[in-house]
Amino acid sequence: MLERTGAAGQKPLRVVVMVSGGGTNLQAIIDSVKDGTITNTKIVGVISNNKNAYALKRAEENGIPSMCVSPKEFETRDIFNEKLLEAVDSYEPDLVVLAGFLVVIPPEMIKKYENRMINIHPSLIPSFCGKGYYGLKVHEAALARGVKVVGATVHFVDEGTDTGPIILQKAVEVQQEDTPEVLQHRVMEQAEWKILPRAIDLIANGKVQVADHKTTILP
């Protein structure tokens, strides 16, 4: 478990990170806990749906418990959904972080972790979001549309796709010579790896409130 303490006597926020691939956002969280950018937080577990995900290696290298729960291992989607929720619950998290988790989250989990589950999306929601917009597809669509500014959004997860209350957003300029891959990396470097740790730190220190489908960031 990777932990960064906050104020004396304050109980650290227990965080589970869910990821399908390389885990660059997971690494940003790990690094931010280590260097104190994220305070009052303990990463208690990493869950992937892909046994070959490099994110699991990152967890292992940092002494963080991890497990793989893959839909391929179960006869039906309902059984997988049940096992996935059991896996999350086993870590007793205060916050679930979706950091590139490319599996539909079961409704039961969304309901149980309402306003306690966040997602990072590589666009300025409501642009280039929703069904079919993930990973490189987001950046391909942005370049095809000719937008001059892109970015990333951290939001709470609700029943829709990328429709939950927005916590933080950060804009990134598009350059004339950008390819989808180049733009993807710049959005990660300039936006995703900054606002995801920031959002976790705000939540860990009680500075995010949700009302009427909108968030308020407290000073």
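Ser127 sits in the loop that runs between strand β6 (117-121) and helix α5 (136-145), where helices (H or I, at least four residues) and strands (E, at least two) are DSSP runs numbered from the N terminus. With a relative accessible area of 36%, Ser127 is partly exposed, a class that lies between buried, under 20% relative accessible area, and exposed, over 50% (1.4 Å probe, protein chains only). Although Ser127 and Gly151 are 24 residues apart along the chain, their C-alpha atoms are separated by 9.8 Å. The model is a predicted one, in which local features need pLDDT of at least 70 and side-chain atom pairs count only at pLDDT 80 or more, while totals for chains, interfaces and linings use all residues. Residues are numbered from 1 along each chain as its sequence is written, and side-chain values use heavy atoms, with hydrogens and water left out.

The loop between β6 and α5 also holds Pro126, and the peptide bond that leads from Ile125 to Pro126 is cis, with omega near 20°. Phe128 and Tyr133 form an edge-to-face aromatic pair, 6.2 Å centre to centre and with 70° between the planes; for such pairs, the rings of Phe, Tyr and Trp (its six-membered ring) must have centres within 6.5 Å, and planes under 30 degrees apart count as stacked, over 60 as edge-to-face and the rest as tilted. Phe128 is buried at a relative accessible area of 17%, whereas Tyr133, at 31%, counts as partly exposed.

By this rule the count of aromatic pairs comes to two. The pair of Phe74 and Phe80 is tilted, with 6.3 Å from centre to centre and 45° between the planes. Phe80 counts as buried because its relative accessibility is 0%, while Phe74, with a relative accessible area of 22%, is partly exposed.

Strand β6 itself contains Asn119, which is buried, with a relative accessible area of 12%. Leaving aside residues up to four places away in sequence, Asn119 touches Leu98, Thr153, Val154, His155, Val157 and Asp162, a contact being heavy atoms within 4.5 Å. Asp162, one of these partners, is found in the loop between β7 (149-156) and β8 (166-173) and is itself buried, with a relative accessible area of 11%. Although Asp162 is not a glycine, its phi is positive, at about 65°. A positive phi, near 55°, is also found at Asn40, a residue other than glycine, which is placed in the loop between α1 (24-35) and β3 (41-48) and counts as buried at 1% relative accessibility.

Turning to the chain as a whole, the protein has six helices and 10 strands, and buried residues make up 49% of its 219 residues. A compact globule with 219 residues would have a radius of gyration near 17 Å, and the protein chain, with 17 Å, agrees; the radius is taken over C-alpha atoms, and the globule rule is 2.2 Å times the number of residues to the power 0.38. Along the principal axes, the C-alpha atoms fill a box of roughly 45 × 45 × 40 Å. Of the contacts between residues at least 6 apart in sequence, 66% join residues at least 24 apart. The accessible surface, from the Shrake-Rupley method with a 1.4 Å probe, comes to about 10900 Å², of which 49% belongs to carbon and sulfur atoms.
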